[in-house]
Amino acid sequence: MIDLHVELPGLSLKNPIIPASGCFGFGREYAELYDLSRLGGIAIKSATPEKRFGNPVPRIAETPMGMLNAIGLQNHGVDYIIEHELPWLAQFDTEILANVAASTEEGYVEVIRKLNSSPVVKAYELNISCPNVKHGGAALGTDPVLAAHVTKMAKEAAEKPVYVKLSPNVTNIVEIAKAVEAAGADGLILINTLLGMRLDLRTAKPVLANNTGGLSGPAIKPIAVRMVWQCAQAVNIPIIGVGGIRTAEDVLEFLYAGASAVEVGAQNFVDPYACIHIIEALPAVLEKYGLSSVREATGRSLKQ
Amino acid sequence: MKNGPAEILSNERIAEDTYEMILRTGIAREVRCGQFVQVQVPGYFLRRPISVHRVLDENTLSLIYKVVGDGTRTLSQTAAEDFLDLFGPLGNGFPVLDEDIVLIGGGVGVPPLVETAAQYRRLGRQVTAVLGFNNSSAAFGEEEFRSLGCDVIVATMDGSLGYKGTVIDAIQAAGLVPATVLACGPVPMLRAVAENYRGYISLEARMACGIGACMGCVVKTPDGGSLRVCKDGPVFRTGEVQL
């Protein structure tokens, strides 16, 4: 019997598969396809202090082995999410990570204080890495001092563990990882999307209305694996790996690199049953490589 | 909603850069007129949303698509006996009202109106199809609407087939005063339709998930809210969204 169970701060995951924030909404659409209780957890779409419309369209562009998005944190605001989305999610036996975003440090604190009272939310995902907003987001996540400061403020406000989702759009990811660990982060989520761009050959203008967008999909997987591997050697807090995962073999690669669990993002768009397919395939893949549990695989590349 | 492999029965060019593909898939029995499927094109990451042109029987449907880029070009090169992964049916579709109807199609927006016409004809309703194209080499569908018993008016911008001008020009020239229209086509056409008539319009959009989760294909509502083309649409009442 292969043990898929993973214990992380605030999160008791029956398996290590979590749909990534922004790629799964609040689960309602996917709940029409399968039972969300089969998931280890769900990283729900970003909550911001106020309602946000997001960016103009086009927001989506395809790329080789991936896609660009510039949604711009569209959501109904934290109050609406607390009133309408979280009570609905309570029916599922899965761990909810609330992704928190804002344009100021005070905004992050405000959202966290409001979410503290929800029994549905088990941990926070501090989004200091969204590349598609002008303020906050990646502006905070690309400077170790600013990243540490917002992490510290979030930790002081939070009554649940805080995982910090880092931006790959930096020269030295390890420096940021260490800074947020020192500021009290309970875990890391690596990585958010890479800043990218596409141009239309006829108009010579950007394809995306926002000009730039975040690159995700299999194209970024080697970068994500590398960053997890680097950070896993530098910090003592758990890492949730994310970036281009399509298969159970991809999951194993992230576990080997040092991740304790993973998030699946853009693949949900390609295969709406992606998370279920990965969860079903994972035991056989672990067994094939002589492993009897997910925990055993975590950091295996670092132990040799 | 179903997801799985669909066998290509045929894939043929029917007009300039325009192809009709017939597929064997159990999705066919669930399709309502105006809905779409997400097609996985081999070698490309995101699926292509393509509206259903006809439900031929409970295991067969046809799609008409235009080659607009590398992905649809690759799709045009697939052949009978190949398999494509299909997900659907998706979206809300056109309403089937118990009244006579005018259908307005522009270019590759024509296909979903064919199944819609079939549904209205099945109810014994009178259907007038007004089809607009850039020129005669891009035109298709006239015979099919006629075979369903519809009145057909064709308009081309260069006058190489039918009335010279837009679909709105053609409707006015024919003296039609539609009570309700159902329209699908490019945004400038839909904007003109919405300014002149009441009814329903179907939008096209760049999509990722196709089921309402990613917020990639939103449109604004007049009150500043937003709706998702893939999930809340692709069919909206005229005036329901900003064009």
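A polar contact is taken here as a pair of N or O atoms within 3.5 Å; within protein, one of the two must be able to donate a hydrogen and the other to accept it, and residues adjacent in sequence count only if both atoms are side-chain atoms. By this rule, eight residue pairs are in polar contact across the interface of chain A and chain B, both partners being at pLDDT 80 or more. The structure is a predicted model, in which local features need pLDDT of at least 70 and side-chain atom pairs count only at pLDDT 80 or more, while totals for chains, interfaces and linings use all residues. Residues are numbered from 1 along each chain as its sequence is written, chains are lettered from A and ligands numbered from 1 in the order in which they are written, and side-chain values use heavy atoms, with hydrogens and water left out.

Confidence comes next. The predictor assigns the complex an ipTM of 0.93 and a pTM of 0.95. For chain B, the average pLDDT (the predictor's confidence in each residue, from 0 to 100) is 97, and 100% of the residues score at least 70.

The interface can now be described in more detail. Contact (heavy atoms within 4.5 Å) draws in 32 residues from chain A and 26 residues from chain B. The buried area, meaning the accessible area (1.4 Å probe) that two parts lose on being put together, summed over both, is about 2400 Å² for chain A and chain B, with 64% of it on carbon and sulfur atoms. Three salt bridges are counted between the two chains, a salt bridge being a side-chain nitrogen of Lys or Arg within 4 Å of a carboxyl oxygen of Asp or Glu. One of them joins the side chains of Glu29(A) and Arg228(B), at 2.9 Å from N to O. On the side of chain A that touches chain B, the elements giving two or more residues are helix H1 (28–31), strand E5 (60–63), E6 and helix H9 (267–270) of chain A; helices (H or I, at least four residues) and strands (E, at least two) are DSSP runs, numbered from the N terminus. E5(A) gives the most to this side, with four residues. By class, this side of chain A has 19 nonpolar, seven polar and six charged residues, where Ala, Val, Leu, Ile, Met, Phe, Trp, Tyr, Cys and Pro count as nonpolar, Asp, Glu, Lys and Arg as charged, and the others, Gly among them, as polar. Glu29(A) and Arg228(B) also belong, with Asp232(B), to a network of salt bridges.

Over all chains, the salt bridges number 24. Within chain B, Arg24(B) pairs with Glu7(B), the closest N and O atoms being 3.0 Å apart. Because Arg24(B) lies in strand E2 (residues 18–24) and Glu7(B) in strand E1 (residues 2–15) of chain B, this pair ties together parts that are 17 residues apart in sequence. Arg24(B) is partly exposed at 45% relative accessible area, whereas Glu7(B) counts as buried at 19%; buried means under 20% relative accessible area, exposed over 50%, and partly exposed in between (1.4 Å probe, protein chains only). Arg125(B) forms a salt bridge with Asp100(B), with the closest N and O atoms 3.5 Å apart. In chain A, the side chains of Arg202(A) and Asp200(A) meet in a salt bridge of 3.8 Å, N to O; Arg202(A) is exposed at 77% and Asp200(A) partly exposed at 21%.

Two strand residues of chain A illustrate buried positions. Asn69(A), found in strand E6 (residues 66–69), counts as buried at 17% relative accessibility. Its side chain reaches the backbone nitrogen of Ile71(A) at 3.4 Å. Leaving aside residues up to four places away in sequence, Asn69(A) touches Arg59(A), Ile60(A), Asn132(A), Thr193(A), Gly213(A) and Gly214(A). Leu190(A), in strand E10 (residues 187–190), is buried with a relative accessible area of 0%.
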